Amino acid sequence: MAGSAVRAEAASDPAGTTTPRPNPIAISTYSFWRFSEDPADKLSIEQCIDESARMGFDAVEILHIQMFDDESPARLQRLKRQALINGLDLCGFSTHQGFVSPDADERKKNIDHTIHCMQLAHELGIPTMRVNTGRWGTSKDFDELMANRGIEPTLEGYTEEDGFGWVIDSMEKLMPAAEKYGVLLGLENHWGLGRTAEGVMRIVDAVDSPWLQVTMDTGNFLEDPYDRLEILAPKTVYVQAKTYYGDGVWYTLDLDYPRIAKLLKQHDYKGYIALEFEGKESWKVAIPKSLNLLRSAFGSVS
């Protein structure tokens, strides 16, 4: 039965015999990623898929930088096969790029990289991909950026207006490839010009394409998150949900997930909730606890 027919049948069901489904709960392979520099601490994507199925998740999001060792077509197809056998969707692709640069060649390099990532997502059968604005790079390192609550000065001689122009122009250049490969891009509230909800929406609204919407990260607004998440909700197509068992590496947020779930339901969000565990507790303990937390918050159908 076609999707429109199913919706029509549900809408005309006076007895209320149909039951809306809860949001599917996914996990990003980032959740298994260890911040240690020891390679032995870093699980492969294959291991992440097996662990995700064993723990009871519905889907897996792949962090692109964990594919550093092998992006071959054969591996991509093996990952699809492995996910299917484990009863998991491959639901998201989390990538890194930066367009906040006065160097046109640098922006072009990042545009080409992002298109390459879209091609990988297409081959993996992944329907949505996280993208970033990038940031000014004037912080010494990420530790300094976090110490400054994600705020950093612009490059000397340039303004945020320049930055927004570069990012919007770069995103517009990505839209034909997004449509070609059928990969819906979600701009995340992820530092740089995406540090604020207003910054994210300014870019998405300016590009004005059905192929650029929002990836909502619940843990990237360090103050007053709920009003800011509300701004993103109408155009959110994917949600990354942070937990911090054992306290976070850079910061810890006490997020009210029932409140976030209610907020998203009010905007008729039906999509994936993808766990990003960022705490210091053992992932073997913290990830199952996180799954239970998210199932409880997003499992209600009322």
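Mentor: Helix 6 (residues 160–181) packs with helix 7 (residues 197–207) at about 45°, and their axes are 9 Å apart. This is a predicted model: local features need pLDDT of at least 70, side-chain atom pairs count only at pLDDT 80 or more, and totals for chains, interfaces and linings use all residues. Residues are numbered from 1 along each chain as its sequence is written, and side-chain values use heavy atoms, with hydrogens and water left out.

Trainee: Why is helix 6 called oblique to helix 7?
Mentor: Set the angle of about 45° against the classes. Under 35 degrees is roughly parallel, over 145 roughly antiparallel, 65 to 115 roughly perpendicular, and the rest oblique. Therefore helix 6 is oblique to helix 7.

Trainee: What makes the contact, and which residues of helix 7 take part?
Mentor: Contact means heavy atoms within 4.5 Å. Helix 7 gives Gly199, Arg202, Ile203, Ala206 and Val207. From helix 6 come Glu161, Phe164, Val167, Ile168, Met171, Glu172 and Met175.

Trainee: How many residues of this contact are nonpolar, polar and charged?
Mentor: The division is 8 nonpolar, 1 polar and 3 charged. Gly counts as polar, and Gly199 is in the contact.

Trainee: Which residues of helix 7 are called buried?
Mentor: Buried means under 20% relative accessible area, with a 1.4 Å probe and protein chains only. Ala197, Gly199, Val200, Met201, Ile203, Val204 and Val207 are buried. The buried residues of helix 7 pack against helix 6, strand 5 (184–188), strand 6 (212–217) and helix 8 (225–232).

Trainee: What comes just after helix 7?
Mentor: Aspartate 208, with a positive phi of about 55°.

Technical notes. Axes are lines fitted to C-alpha atoms, for helices over the stretch in contact, and angles run from 0 to 180 degrees between N-to-C directions. Helices (H or I, at least four residues) and strands (E, at least two) are DSSP runs, numbered from the N terminus. Buried means under 20% relative accessible area, exposed over 50%, partly exposed in between (1.4 Å probe, protein chains only).
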